[in-house]
Structures are given as C-alpha cells and as structure tokens.
Amino acid sequence: MSYDFAPLFRSAIGFDRLAQVMDIAARNTSTASYPPYDISKTGNDSYSLTMAVAGFSPDDIELVVQDNTLIVSGRVGEQPKTGEVLHRGIARRAFERRFALADHAEVIEARMDNGLLSVSVRQVVPEALKPRRIAISTGAATSESLPVEAAATQLATVAA
C-alpha cells in the first residue's frame, strides 16, 4: 500500500521525513510481539519506553541511536546449568526492536529495574527552531536614520 503525500507537500514545508517514516512503517508488516513494551507520554516533551526483558541483565541489552532510530537489542548470554528444564515459559531469546524517533528527540537515560527496561526520551527544540519575533521596518524609519542630505536626495529620486 502506498500513500500520496502530494497534497501535504503543497501546503507544508519540511515534512519530507514524514513520508520516509510512513513508508518504513508500511513496509514493516511483521508485528513482532517479543519483548512486550509500552510507550508513555510523561510530559509536554518527554516520553518513556518500558520494555519487559525478564531474564536479561543490563550487559545483555544494547541501546543504539542511529539516524533518528532507537535500536534496542538483546543477546542471550550463557545460562548456568542448574538441572533439567521441564518447562520453558520465560522466552529468553535474542531480539531487536526499532523505534523511530522524532527530529530533535534525544535519549536521556536508560534504567533496568525488576526485569523492566525503562528508556527516557525528551524532545529538545533547538534555539534556532523556537519561535522568534521578526521586527517590521517602514520606509519612514529608514529615511530618519539617513543623514538629512542623503534623505533629501533619496526623496528627490523617488519623486522623479
């Protein structure tokens, strides 16, 4: 399935990354369910990813941010032999999950507590992208700042 973003691009500027993210999401038809996770909004510009990683230690988990993508992967370490396993209900298998990050989102911290991996993400708007007021000048203000002779010459040129 493909989407036509032409109407969006006629009236919006800088949303070309949105088309790329939508295309990647449309191609990813497999819905992996392991490990389970939650994404929560914890503030105006902060989010939390909580992932159930029972049986993994912090050394078994790797977090990488690359090209606005958070990659969470887990590798299986050596399990100590403690006897014969009669039932394996804890799925301790390798995994890789990818999460698209918005522009200017940064991972603040990652913690592991009671088998839950918590990753804090914050949206940081750079000063250059924050709204700023633009002063509007008028023709009168320009001529007042000129010396009197230059202003008279400019007015004579405009009148002619």
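This is a predicted model: local features need pLDDT of at least 70, side-chain atom pairs count only at pLDDT 80 or more; totals for chains, interfaces and linings use all residues.

Trainee: How many helices and strands does the protein have, and in what order do they run?

Mentor: There are four helices and seven strands. From the N terminus on, the order is α-α-β-β-β-β-β-β-β-α-α.

Trainee: What share of the residues is buried, and what makes a residue count as buried?

Mentor: Buried residues are 18% of the 160 in the protein. A residue counts as buried when its relative accessible area is under 20%. As for the surface, the protein exposes about 12,500 Å², with 54% of that coming from carbon and sulfur atoms.

Trainee: What makes the pair of arginine 98 and glutamate 96 a salt bridge?

Mentor: The closest N and O atoms of arginine 98 and glutamate 96 are 3.1 Å apart. The cut-off is 4 Å between a side-chain nitrogen of Lys or Arg and a carboxyl oxygen of Asp or Glu. The pair therefore meets the rule. In general, side chains of opposite charge can pair when their charged atoms come close.

Trainee: Why is arginine 98 called exposed, but glutamate 96 partly exposed?

Mentor: Arginine 98 has a relative accessible area of 54%, and exposed means over 50%. Glutamate 96 is at 48%, so it counts as partly exposed.

Trainee: How do you know that arginine 122 and glutamate 106 form a salt bridge?

Mentor: Their closest N and O atoms are 3.0 Å apart, and the limit is 4 Å.

Trainee: What makes glutamate 109 and arginine 111 count as a salt bridge?

Mentor: Here the closest N and O atoms are 3.8 Å apart. The rule asks for within 4 Å, so the pair counts. Glutamate 109 is partly exposed at 37% relative accessibility, as is arginine 111 at 45%. By this rule the protein has three salt bridges.

Trainee: Which residues line the second largest pocket, and what makes them lining residues?

Mentor: A lining residue has an atom within 4 Å of a pocket point. There are 14 of them, and Ile39, Tyr47, Ala100, Leu101 and Val121 lie nearest the centre. The volume of this pocket is about 240 Å³.

Trainee: Which strands supply the lining of the second largest pocket?

Mentor: Strand S2 (46-52), strand S5 (95-100) and S7 each supply at least two residues. S7 gives the most, with four. By type, the lining has eleven nonpolar residues, two polar and one charged.

Trainee: Where does serine 57 lie, and why is it called partly exposed?

Mentor: Serine 57 is in the loop between S2 and strand S3 (61-66). The C-alpha atoms of serine 57 and aspartate 113 are 10.0 Å apart, although 56 residues separate the two along the chain.

Methods
Residues are numbered from 1 along each chain as its sequence is written. Side-chain values use heavy atoms; hydrogens and water are left out. Buried means under 20% relative accessible area, exposed over 50%, partly exposed in between (1.4 Å probe, protein chains only). Accessible areas come from the Shrake-Rupley method with a 1.4 Å probe; for residues, only the protein chains shown count as cover. On a 1 Å grid over the protein atoms alone, a cavity is a set of points where a 1.4 Å probe fits but cannot get out, and a pocket is an open set with protein on both sides within 12 Å along at least five of seven lines; lining residues have an atom within 4 Å of a point. Grid points are joined across faces, edges and corners, and a volume is the space filled by probe spheres set on the points. Ala, Val, Leu, Ile, Met, Phe, Trp, Tyr, Cys and Pro count as nonpolar, Asp, Glu, Lys and Arg as charged, and the others, Gly among them, as polar.
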